[in-house]
Amino acid sequence: LLPQVDSANAGRVLASDAAVFLKKSGLTDLVLGKIWDLADTDGKGILNKQEFFVALRLVACAQNGLDVSLSSLNLPVPPPRFTDTSSPLLLSGTASSDLPWAVKLEDKVKYDAIFDSLNPVNGLLSGDKVKPVLLNSKLPVDILGRVWELSDIDRDGMLDRDEFAVVSIFCLL
């Protein structure tokens, strides 16, 4: 979805471009304003990739009747829906298992088993516990760091079950 609002491929989304795109979610301007305020952490009117992902997660939360807050980011929700039928990624009613960024059920079961085997504490895994698994992917360490950065949605330095599934997809575990 990012390339659709970041046509210059600069790795950032301007407020004006994001507003046009996010309005396709069908949410009210008041809700979209709250989403923007939460996602634009430094108040500069520009979202980086991670902040844009947070905005999309918040849109999904709002569309599913959840509170628009940072505490909702870790709740399980289907991907956000947008009303632009010109894009195959934005078709309303598309099964989440058909979307390229959704975790397939059989993969989620596998990732959950790996997660559990690493002995999470209070449902969370530290970087020290996940690092050996990530290194097995043979990806360069700088890429693994970026994968962690993108997957640790709440930026707490730990991965919950869903964040671990995202890491696993990136690393093709």
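The following exercises, each with a worked solution, concern a predicted model of a protein chain.

Residues are numbered from 1 along each chain as its sequence is written. Because the model is predicted, local features need pLDDT of at least 70 and side-chain atom pairs count only at pLDDT 80 or more, while totals for chains, interfaces and linings use all residues; side-chain values use heavy atoms, with hydrogens and water left out.

**Exercise 1. The overall plan**

Task: State how many helices and strands the protein has, and give their order.

Solution. 
- Step 1. Helices (H or I, at least four residues) and strands (E, at least two) are DSSP runs, numbered from the N terminus.
- Step 2. By this rule the protein has eight helices and four strands.
- Step 3. Read from the N terminus, the elements follow the order α-β-α-α-β-α-α-β-α-α-β-α.
- Step 4. The protein has 173 residues, and 38% of them are buried. Buried means under 20% relative accessible area, exposed means over 50%, and partly exposed lies in between (1.4 Å probe, protein chains only).
- Step 5. Contact means heavy atoms within 4.5 Å. Of the contacts between residues at least 6 apart in sequence, 50% join residues at least 24 apart.

**Exercise 2. Aromatic pairs**

Task: Determine how many aromatic pairs there are, and describe the pair of Phe-21 and Phe-52.

Solution. 
- Step 1. Rings of Phe, Tyr and Trp (its six-membered ring) pair if their centres lie within 6.5 Å; planes under 30 degrees apart count as stacked, over 60 as edge-to-face and the rest as tilted.
- Step 2. The count under this rule is three aromatic pairs.
- Step 3. In the pair of Phe-21 and Phe-52, the ring centres are 6.0 Å apart and the planes make an angle of 45°, and the pair is tilted.
- Step 4. This pair links distant parts of the chain, since Phe-21 belongs to helix α2 (residues 15-22) and Phe-52 to helix α4 (residues 49-63), 31 residues apart.
- Step 5. Phe-21 counts as buried because its relative accessibility is 3%. Phe-52 is likewise buried, at 2%.
- Step 6. Ring pairs also bring in Phe-82, which forms a cluster with Phe-21 and Phe-52.

**Exercise 3. Two crossing helices**

Task: Describe how helices α3 and α4 cross, and name the residues that make the contact.

Solution. 
- Step 1. Axes are lines fitted to C-alpha atoms, for helices over the stretch in contact, and angles run from 0 to 180 degrees between N-to-C directions.
- Step 2. The axes of α3 (residues 29-39) and α4 come within 9 Å and cross at roughly 145°.
- Step 3. On the α3 side, the contact is made by Val-31, Ile-35, Leu-38 and Ala-39. On the α4 side, the contributing residues are Glu-51, Val-54, Ala-55, Leu-58, Val-59 and Ala-62.

**Exercise 4. A residue in helix α4**

Task: Is Gln-50 buried or exposed, and which residues does it contact?

Solution. 
- Step 1. Gln-50 is located in helix α4.
- Step 2. Gln-50 is buried because its relative accessible area is 8%.
- Step 3. Beyond neighbours within four places in sequence, Gln-50 is in contact with Glu-149, Asp-152, Ile-153 and Arg-155.
- Step 4. A polar atom of the Gln-50 side chain lies 3.0 Å from the backbone oxygen of Glu-149.

**Exercise 5. The loop between α5 and β3**

Task: Compare Asn-119, Asn-122 and Leu-124.

Solution. 
- Step 1. Asn-119 is in the loop between α5 (105-117) and β3 (125-126).
- Step 2. Asn-119 has a positive phi of about 55° without being a glycine. For Asn-122, phi is positive and near 55°.
- Step 3. Asn-119 is exposed at 53% relative accessible area, Asn-122 is exposed at 76%, and Leu-124 is partly exposed at 25%.
- Step 4. The C-alpha atoms of Leu-124 and Met-158 are separated by 5.9 Å, although the residues are 34 apart along the chain.

Definitions and conventions
Polar contact = N/O pair within 3.5 Å; in protein donor to acceptor, adjacent residues only side chain to side chain.
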